[in-house]
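Here is a short tour for a first look. Keep the sequence and the 3D view open while reading.

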Amino acid sequence: MIYQIRLPRVNHTLETYTLSEASPYSLTSAPARQRKAYAAAHVVADPFADNTPGAGAALDWDATLAYRRYLWGLGFSVAEAMDTAQRGMGLDWTISQELIRRSLTEARSCGGEIACGAGTDHLLPRPGLTLAGVIEAYQEQCAFIEGQGGRIILMASRALAACARAPEDYVYVYDAILSQISQPVILHWLGEMFDPALASYWGHAEHGAAMEVCLDLIQRHTSKIDGIKISLLDAEREVEMRRRLPEGVRMYTGDDFNFARLIRGDEQGYSHALLGIFDAIAPAAAAAFQALDAQEWERYEAILAPTVPLSRHIFQPPTYYYKTGVVFMAYLNGHQEHFRLVAGLESARSLVHLSDLFILADKAGLLVDPAMACERMRRVLAVAGMV
């Protein structure tokens, strides 16, 4: 059957778009053998609650946990309570604790692998903030996650970025935390394009100089570090850092623009992955990992190539609003019954942006049920008076 829909265009017109066939990808898959792949998972807002800007987050727990089971079923590990889950953009530490607790329980019940974000987001940047206060905040969150039996992703800290005065301040804080954790962690270096409050992280505005500070830290704490995820949207910088990591420390790409070639790698190595875009392209990414395991390079490229324009669109500036596109994909594919986000972020992207996302998702083979996707797209347009 042929499905068509009229979509708003940037030239103030409605144009008819004809969809492709339904997604060809399986909704189950074995874990990748050659790469470690974490999908940073979004949360599903409770549509009956006051999830408006400035209000506390309220979640639909059943739908939120069901999405994690879906990701585990596709062979992914789950990165929990990260920025994809609107951590720091509506999801505070109080509800993050409940999310982590429930997700760890769910993971144990179905054999899913999971790691959870520990940061300092309950400590707001303010005058008089000290490094000791930042250490205490990190310690609290790390202790909670380890107390629940979870592994830690050590997130970048807005509070540390606000009070640090030199690279040595970052080293001091991370030395203190890494000396106390019981299992190796994944470090998380989130660039300023994802969170402007993290500009000049590691004490330098220039990423090359910042990288030297980070590498020195990793070298001194190799036994406590499983790997590092960097989200700088700079493929060359990631490759340079990857080649200099100590043996046994993984590079987890967080580059939602260049992930396909970074995961494939080169003659000197490759990146593992911890990506928000995997939430949106999970079936295609799972199929690509299977092709990679079989060393079917052409099939790997053919699967992921059309997902890259979609990812670049979802993560276009302002990059931190990518969560809107990730949740919209989940809505189009029936993983949740509404297009509402914590903190009202469904309004963070335009209707033309969402229409372009719809087209790119179709071209990437990621609309599971074209009829349902069209109906749900029409509902969104109808709310805005565009029919």
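Buried means under 20% relative accessible area, exposed means over 50%, and partly exposed lies in between (1.4 Å probe, protein chains only). A salt bridge is a side-chain nitrogen of Lys or Arg within 4 Å of a carboxyl oxygen of Asp or Glu. For charge, Lys and Arg count as positive and Asp and Glu as negative, while His and the chain ends are not counted.

This is a predicted model, in which local features need pLDDT of at least 70, side-chain atom pairs count only at pLDDT 80 or more, and totals for chains, interfaces and linings use all residues. Residues are numbered from 1 along each chain as its sequence is written, and side-chain values use heavy atoms, with hydrogens and water left out.

Which side chain of opposite charge is nearest to Asp293? It is Arg33, 4.1 Å away. Asp293 is buried but has no salt bridge. Asp293 belongs to helix α9, residues 277–293. Helices (H or I, at least four residues) and strands (E, at least two) are DSSP runs, numbered from the N terminus. A polar atom of the Asp293 side chain lies 2.9 Å from the backbone nitrogen of Gln34. Contact means heavy atoms within 4.5 Å. Beyond its neighbours within four places in sequence, Asp293 is in contact with Pro31, Ala32, Arg33 and Gln34.

**The barrel and its helices**

Eight strands matter here: a closed barrel of 8 strands runs β3-β4-β5-β6-β7-β8-β9-β10, with parallel pairing. On average, neighbouring strands of this sheet are turned by 30° against each other, direction ignored. Two strands pair if DSSP finds at least two bridges between them. Strand β6 (residues 152–154) and strand β7 (residues 185–190) run parallel and are joined by 2 bridges. Leu154 stands opposite Leu187 in β7.

Axes are lines fitted to C-alpha atoms, for helices over the stretch in contact, and angles run from 0 to 180 degrees between N-to-C directions. Helix α1 (residues 61–73) lies across β3 (37–40), β4 (77–80) and β5 (114–118), at about 145° to β4. Helix α2 (residues 93–110) lies across β4 and β5, at about 170° to β5.

**A covered helix**

How many of the 8 residues of helix α11 are buried? The count is 6, and this helix (residues 307–314) is mostly covered. Its buried residues are Thr307, Val308, Leu310, Ser311, His313 and Ile314. Their cover includes α8 (259–264), α9, α10 (297–304), α12 (322–332) and α13 (351–363).

**Salt bridges**

The whole structure holds 24 salt bridges.

| Salt bridge | Closest N and O atoms |
|---|---|
| Arg68 with Glu80 | 2.5 Å |
| Arg220 with Asp175 | 3.2 Å |
| Arg237 with Glu240 | 3.2 Å |

Arg68 lies in helix α1 and Glu80 in strand β4, so this pair ties together parts 12 residues apart in sequence. Both Arg68 and Glu80 are buried.

The second pair links distant parts of the chain, 45 residues apart: Arg220 in helix α6 (residues 207–220) and Asp175 in helix α5 (residues 167–178). Arg220 is partly exposed, at 42% relative accessible area. Asp175 is partly exposed too, at 22%.

Arg237 and Glu240 sit 3 residues apart in helix α7 (residues 235–244), so about one helical turn separates them. Glu240 is partly exposed, at 33% relative accessibility. Salt bridges with shared partners join Glu206, Glu212, Arg237, Glu240 and Arg244 into one network.

Methods: Polar contact = N/O pair within 3.5 Å; in protein donor to acceptor, adjacent residues only side chain to side chain.
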